[in-house]
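Open the model in a viewer and keep the selection panel at hand.

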Amino acid sequence: MNTIRLLLLFVGLLSIQSCHTHEIENEPGTLIVPYIDQTEVDAADVPSLLDAAGVAFQTIGIVNWSGYPYKPSVQFRIAHTGNAILIHYQVEEQCVAALANDGGAVYKDACCEFFVAPVDDGIYYNFEANCAGALLLEAGKGKGNQRIAAPQSVLDTVKRWASLGREPFALREEPTKWQLALVIPVEAFFRHPVTSLSGKVMKGNFYKCGNDLCQRHYLSWRPINTSTPDFHQPNFFGKLVFE
């Protein structure tokens, strides 16, 4: 009898956990970030690794500002290994460019961005990468002078793969499909002592832009309710729940 009761209790706990996970998955603005049991991941292997794990794509497709109606096709998916975040972007747009280098104005190029606040202290990070993998990374509580740029030593910890290659190139006015993969280690959170991602709940948003492309645009994963384009809006971040 005691064994049966224990089994029933165990099944009940599993059912409660399953219901709780289902509720989180269906909570608006919440994304479950699945765990993948890998110790070291090369950026070039991220797409196939996420394929094998069955990680689904999400859409970056919200046009928040009517003055910039162009809407390229943009998807992303995200997972983690405990000590690194894995992100894979897929994009199809009318023209591309990759003029910037690390630390430069990558947002003027064909660019995908991940903004994330690892803890609730007002500081968030902007991981911005163009279609050749050039990276801009800053952290702070607001825009402009309030943000601190990551040194090159931190940028170098972020592994990158780009389907168009890693060399800068000028504007290409032709329809282009491209992919980008990032491996962001916990060390990239250079203003916080993040040691493990497992069980963490963060806030963030994902963006697509191209300020100097033939069709300027500003897309987001979660909606932004401002009168003019502004991605530095942590009040509109969604929730990222790391398994």
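Start with the open sheet: five strands in the order β2-β4-β5-β13-β11, with antiparallel pairing. Its edge strands are β2 (58-59) and β11 (159-162), each of which pairs on one side only. Strands here are DSSP runs of E with at least two residues, helices are runs of H or I with at least four, and both are numbered from the N terminus. Two strands count as paired if DSSP finds at least two bridges between them. This is a predicted model, in which local features need pLDDT of at least 70 and side-chain atom pairs count only at pLDDT 80 or more, while totals for chains, interfaces and linings use all residues. Residues are numbered from 1 along each chain as its sequence is written, and side-chain values use heavy atoms, with hydrogens and water left out.

Select 73-80 next, which is β4; this strand pairs with β2 in the antiparallel sense over two bridges. T59 has Q75 of β4 as its bridge partner. On its other pairing, β4 runs antiparallel to β5 and is joined to β5 by eight bridges. Within that pair, I78 stands opposite I87 of β5. Three residues separate β4 and β5 in a hairpin, and G82 in the turn has a positive phi of about 95°. Six of the eight residues of β4 are buried, where buried means under 20% relative accessible area, exposed over 50%, and partly exposed in between (1.4 Å probe, protein chains only).

Contact means heavy atoms within 4.5 Å.

For the packing, show Y89, F114, F127 and F206, the residues with the most contacts inside the largest nonpolar core, which has 49 residues. Such a core is a set of buried Ala, Val, Leu, Ile, Met, Phe, Trp, Tyr and Cys residues joined through side-chain atoms within 4.5 Å. Beyond four places in sequence, F127 touches residues including C112, L136, V158, I184 and F189. A second, separate core has 15 residues, among them A100, C111, A134 and F237.

Which loop holds N211? N211 lies between β14 (201-209) and β15 (218-220). N211 counts as buried because its relative accessibility is 18%. Its side chain joins that of Y218 in a polar contact of 3.4 Å; such a contact is a pair of N or O atoms within 3.5 Å, and within protein one must be able to donate a hydrogen and the other to accept it, with residues adjacent in sequence counting only if both atoms are side-chain atoms.

Move to H232, in the loop between β15 and β16 (238-242). H232 is counted as buried because its relative accessibility is 17%. The side chains of H232 and Y124 make a polar contact of 2.7 Å.

Finally, color by pLDDT, the predictor's confidence in each residue from 0 to 100. The protein chain averages 92, and 89% of the residues score at least 70. Over residues 6-24, pLDDT stays under 50, and the model has three contacts beyond four places in sequence for them.
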